[in-house]
Amino acid sequence: MQDEYRTVARAGVHETEVNRSRFLCAVAPAATEQEAQDFLAAVRKEHADATHNCWAYVIGADASVQKASDDGEPGGTAGVPMLQMLLRRDMRYVVAVVTRYYGGVKLGAGGLIRAYGGAVGEALDTLGTITRRRFRLATVTVDHQRAGKVQNDLRATGRAVRDVRYGEAVTIEIGLPDADVAAFRAWLADATAGTAGFELGGEAYGDA
């Protein structure tokens, strides 16, 4: 699995003009292929009068799903350069749609490749990207007397406290980088005089 990936910080649209053709690049985060296709359908509906709505998306932290379409532009001049730009920027779980309104000047294959790839790159620069890191989910179980101090110590050291549940004992869910698990286990035993429970869960991605 990838240790980290980048995705777009927020959905948005960035417009550029190349030789009188307007290129509107709409970019959005997409957790699944269905979300990417729903976004594409919405952009197509909004710009039904456009000359082309070319698109590309990358789903999966390891980029397991990669799809692109030229939507009527010459083969390989639109969708592929858009996809290549997303991959070059290490973008994952993201969909990009470039809507073109033809301005009367033909750009040629090289011009199209630069325009479509460039529109995606500029949109990412404008909207911003965030890095998500892989971490292990872990559950700490601690008695009520020690719970407050443990929570404060966790937050003070920058640990991601994801959830706190109060029952007979206090259960604190946290996220830990794999490399920190052994050191954290030792710290927890020390901080709670060996009374805390510690259980490793599955893996997830969170903001770096």
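Tutor: Let us begin with a pair of residues in this predicted model. R100 and E73 are both buried.

Student: What does R100 form with E73, and how far apart are the closest N and O atoms?

Tutor: Here is the general idea: side chains of opposite charge can pair when their charged atoms come close. In this case, R100 and E73 form a salt bridge, and their closest N and O atoms are 2.9 Å apart. This pair links distant parts of the chain, since R100 belongs to strand β6 (residues 94–101), while E73 sits in the loop between β5 (65–69) and α2 (79–88), 27 residues apart.

Student: Which side chain makes a polar contact with the side chain of R100?

Tutor: The side chain of S21 does so, at 3.2 Å. S21 is placed in strand β3 (residues 21–29). A polar atom of the S21 side chain also lies 3.0 Å from the backbone nitrogen of G103.

Student: Is S21 buried or exposed?

Tutor: The general idea is to compare the relative accessible area with a cut-off: under 20% counts as buried. S21 has a relative accessible area of 0%, and therefore it is buried. Apart from neighbours within four places in sequence, S21 is in contact with T16, R100, Y101, Y102 and G103.

Student: How many salt bridges does the structure hold?

Tutor: It holds 10 salt bridges. One of them joins the side chains of R133 and E4, at 2.7 Å from N to O. That pair also links distant parts of the chain: R133 lies in strand β7 (residues 129–142) and E4 in strand β1 (residues 4–8), 129 residues apart.

Student: Which residues do salt bridges that share partners join into one network?

Tutor: D163 forms a salt bridge with R165, with the closest N and O atoms 2.9 Å apart. Salt bridges that share partners join D163, R165 and E173 into one network. As for accessibility, D163 is partly exposed at 31%, and R165 is partly exposed at 38%.

Key
Residues are numbered from 1 along each chain as its sequence is written. This is a predicted model: local features need pLDDT of at least 70, side-chain atom pairs count only at pLDDT 80 or more; totals for chains, interfaces and linings use all residues. Side-chain values use heavy atoms; hydrogens and water are left out. Helices (H or I, at least four residues) and strands (E, at least two) are DSSP runs, numbered from the N terminus. Buried means under 20% relative accessible area, exposed over 50%, partly exposed in between (1.4 Å probe, protein chains only). A polar contact is a pair of N or O atoms within 3.5 Å; within protein, one must be able to donate a hydrogen and the other to accept it, and residues adjacent in sequence count only if both atoms are side-chain atoms. Contact means heavy atoms within 4.5 Å. A salt bridge is a side-chain nitrogen of Lys or Arg within 4 Å of a carboxyl oxygen of Asp or Glu.
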